[in-house]
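Please look over the assembly shown below before reading on.

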Amino acid sequence: MLERKDLVSIEDLSKEEIEHILDTAESMKEILYRDIKKVPTLRGKTVVNLFFEPSTRTRTSFEMAAKRLSADVINFSATGSSLAKGETLRDTVKNIEALVVDAFVIRHSAEGAAYYISKITDASVINAGDGKHEHPTQALLDVFTIREKKGKIEGLNVAIVGDIAHSRVARSNVIALKKLGANPILVGPPTMIPPFVEILGVDVAYSVDEVLPYADVIMMLRIQMERQKSPLFPSIREYSRFFGLNRHKLERAKRDVIVMHPGPVNWGVELSTDVMEFESNVILEQVTNGIAVRMAILYLLIGK
Amino acid sequence: MLERKDLVSIEDLSKEEIEHILDTAESMKEILYRDIKKVPTLRGKTVVNLFFEPSTRTRTSFEMAAKRLSADVINFSATGSSLAKGETLRDTVKNIEALVVDAFVIRHSAEGAAYYISKITDASVINAGDGKHEHPTQALLDVFTIREKKGKIEGLNVAIVGDIAHSRVARSNVIALKKLGANPILVGPPTMIPPFVEILGVDVAYSVDEVLPYADVIMMLRIQMERQKSPLFPSIREYSRFFGLNRHKLERAKRDVIVMHPGPVNWGVELSTDVMEFESNVILEQVTNGIAVRMAILYLLIGK
Amino acid sequence: MLERKDLVSIEDLSKEEIEHILDTAESMKEILYRDIKKVPTLRGKTVVNLFFEPSTRTRTSFEMAAKRLSADVINFSATGSSLAKGETLRDTVKNIEALVVDAFVIRHSAEGAAYYISKITDASVINAGDGKHEHPTQALLDVFTIREKKGKIEGLNVAIVGDIAHSRVARSNVIALKKLGANPILVGPPTMIPPFVEILGVDVAYSVDEVLPYADVIMMLRIQMERQKSPLFPSIREYSRFFGLNRHKLERAKRDVIVMHPGPVNWGVELSTDVMEFESNVILEQVTNGIAVRMAILYLLIGK
């Protein structure tokens, strides 16, 4: 069990807590390959997916994780709910809590939304992405995947490539990787590197080529067209050339490099389609590991 | 068990039936605080939420109630379903019934919709609000909450404040309260008091101030901006002054008054935000009791 | 069990496989009338409804079938999902598969979509309608209904009436009926008879009147206004006169004729409302049988 009610950020977690989650996720993953992929661990518990931003993937991953543990799941989305009637965030949460639920999974466009909610409810709160702040379960499934593939995390060079400045995935991963002793390197155009990067104490590079010779892991980020009010790079072609990956470039990478992406991939932008069948592309295993990690978190927070 | 197939209106129920539902809801509420908040009572039964008006709150409350009893739940909403293709109400119901279901929970903008449906199906029908007619489960959870807080219902003065004329909640509550021996008092601007109020045989007041000294319960109604084609009161500020509640006014109320609201509250209109933390605001307990009452009704109608 | 991973088309199935599905559906139907309408056969299995065209009826039928067998169900619809973000069909499927699921139920507007998906996933794929190609579970529930009502299928004259050219239901039924030894007759205006009808080797008639005297089964198709870019018949009234059914016409039919329709009926177009209460209208029984047949298919594909 974790000695905490909520999982709001990686920043909150100790190295030991992260490792405990990863170890638990390993046992959970084993359940996914049983004939009956279900255990009664959370029977009678209720998990609420409260999503203020649409994200079918993340919501479904939590829904599947909860169902594998026999919990009941209630899906709330901002559209179509009473939120449309001008209800406040506090009211929404207090009213759902009054249905006697055990955990909230929160996705919100505002930094700090999950933290705020964790303070006003006695139920467990899991942050499934709050603005540009954190996406802790994504980082946990990423380090789980690295540990599974590499046998360790400490000492690895992990290049994180793309729109670092707008990415909660990057932020959570940097924090998790540093806690576990890895060496993250941020790679992106200067416009996409956050100004506070020096404070984070991580290395920066300005093209994928620079990091190819020594990266053990290359973690590509999704270019989120919809987030950029003004263009952060001259053209897709330009971006792809310096920050995209293809098989040709991968020939210059380490033999045992692994390529990751949180999905959905813009094929032809971050990754060229010839990487799809690349043997060390672990993108779909990240999806599977997402279930295992979320099962572990639900179990460790509300399974007592 | 109830000797009836449907719950279409409070008007249909005898005092004994109402009390039987409340007693059953008491046992159901106890389940909500168990470690495993689930019983197998309705395993293999199917409850259909058939909502022609959106209402995330009521739908979710029924969904939770059904799941706590291990029933399967199917959600139908008018938008996105084959209703869009010009299907008739009768056809929709007969086709869902042919899936072999046990209960319909109906929300519809037309008075009598639930009654009509109850006549064309062998499944149980529960009215979750039909136009301005009735909302019987809301009234039952309200009287349940009053009985729980006050230890009795008979003889209590219950002020119902707001847009009485457009409120199925008010109508169902007046009927329930009178059957149980309470004294409902309708409070609202003359434009919001229905013309037939004398037929109902209840007292009327034209400001909250009038009833504060003797009300045991103050039940605020939601102002439904979207329902009023022409304005029924000069301004929100005006409405709030005469029919809203705040801590200042509550100082003139009875010591043990309780404040209720069916939700969602327009904070600053019906209730000022300083009532949020008022110790006798039981609004969130109404939400919890809604689950218990709906569990009781599902059990009593289809649990045999 | 079926010796196949997928159910993509009736064309793929042998006569023996069809009969095995129908026999299994008979046992499944019996479950629907038990007190506890649920068996644990597919506990721990996950069925994904992946619908690229909306169809509440078919989706719900599969959802109910899966739940009766205790499977978990995940509903994906094209709208609101990450598909909106420009994801490819392949990516969508591979990502859902990575959640470790057992079966996909696919509805898509493109012919061959289900086949394509069956080739890229190890999970079972069930075609719930692909463009104008096939709708195999509809045909199976139709022949199940005929067998149940008539005691046999071989040798029966089955008139299929309406927009044959645009109907996957007609296509799948013709193939199923011929495999089982029945004699399908296609009835529709010349504009609605597909040019390749001779290749199918079935009889054609140009009005309902022609087939009334000898049809054992009359299967009406739905006129899908939304599918016809240019009008295929002069007017609704005209269409109804030659290809609609009413009680008056049915007086000239065989005594024991049965009338079928895949739903939803355009009452007043394909069928006049006086057919609603006609004793041999088996439309709602088709709906019930749809659950039984889909339970059988799920069981035979993923129940091992």
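**Symmetry, contacts and domains in a predicted model**

As for confidence, the predictor assigns the complex an ipTM of 0.93 and a pTM of 0.94, while chain A has a mean pLDDT of 93, with 94% of its residues reaching 70 or more.

**Relation between the copies**

- Chain B is likewise superposed on chain C by a rotation of 120°, with 0.0 Å of shift along its axis and an RMSD of 0.0 Å.
- Of the residues of chain B, Asp72(B) comes closest to the rotation axis, and the C-alpha distance is 6.4 Å.

**Contacts between chains**

- Between chain A and chain C, 19 residues of chain A are in contact with 16 residues of chain C.
- On the side of chain A that touches chain C, helix 2 (56-68) and helix 11 each supply at least two residues, and the largest share, 7 residues, comes from helix 2 of chain A.
- By class, that side of chain A divides into 9 nonpolar, 5 polar and 5 charged residues.
- The contact between chain B and chain C takes 16 residues from chain B and 19 residues from chain C.
- Strand 2 (72-77) and helix 3 (89-97) of chain B each supply at least two residues of the side of chain B that touches chain C, and this side is made up of 5 nonpolar, 5 polar and 6 charged residues.

**Domains of chain A**

- The domain assignment divides chain A into domain 1, which comprises 15-135 + 287-302, and domain 2, which comprises 136-285.
- The centres of domain 1 and domain 2 of chain A, taken over C-alpha atoms, are separated by 26 Å.
- The contact between these domains of chain A draws 22 residues from domain 1 and 21 residues from domain 2.
- Helix 1 (15-31), strand 4 (124-130) and helix 11 (283-302) of chain A each supply at least two residues of the side of domain 1 that touches domain 2, with the largest share, 7 residues, coming from helix 11 of chain A.
- The residues on this side of domain 1 of chain A comprise 9 nonpolar, 8 polar and 5 charged.

**Helix 6 of chain C**

- At 1.5 Å a residue, the 12 residues of helix 6 (residues 168-179) of chain C should span 16 Å, and this agrees with the 17 Å found between its end C-alpha atoms.
- Is helix 6 of chain C largely enclosed or exposed? Because 11 of its 12 residues are buried, helix 6 of chain C is largely enclosed by the rest of the structure.
- The buried residues of helix 6 of chain C include Arg168(C), Arg171(C) and Lys179(C), together with Val169(C), Val174(C), Ile175(C) and Leu177(C).
- After helix 6 of chain C comes Gly181(C), which has a positive phi, near 85°.

Conventions: Residues numbered from 1 in each chain as written. Chains lettered and ligands numbered in written order. Predicted model: local features only at pLDDT ≥ 70, side-chain atom pairs only at ≥ 80, totals over all residues. Contact = placed C-beta atoms within 7 Å. Helix = DSSP H or I, 4+ residues; strand = E, 2+ residues; numbered from the N terminus. Nonpolar A, V, L, I, M, F, W, Y, C, P; charged D, E, K, R; others polar. Domains from an automatic or database assignment. Expected span 1.5 Å × (residues − 1). Buried ≥ 20, exposed ≤ 12 C-beta atoms within 10 Å, placed from the backbone. pLDDT = per-residue confidence, 0-100. Least-squares fit on C-alpha atoms with pLDDT ≥ 70 in both.
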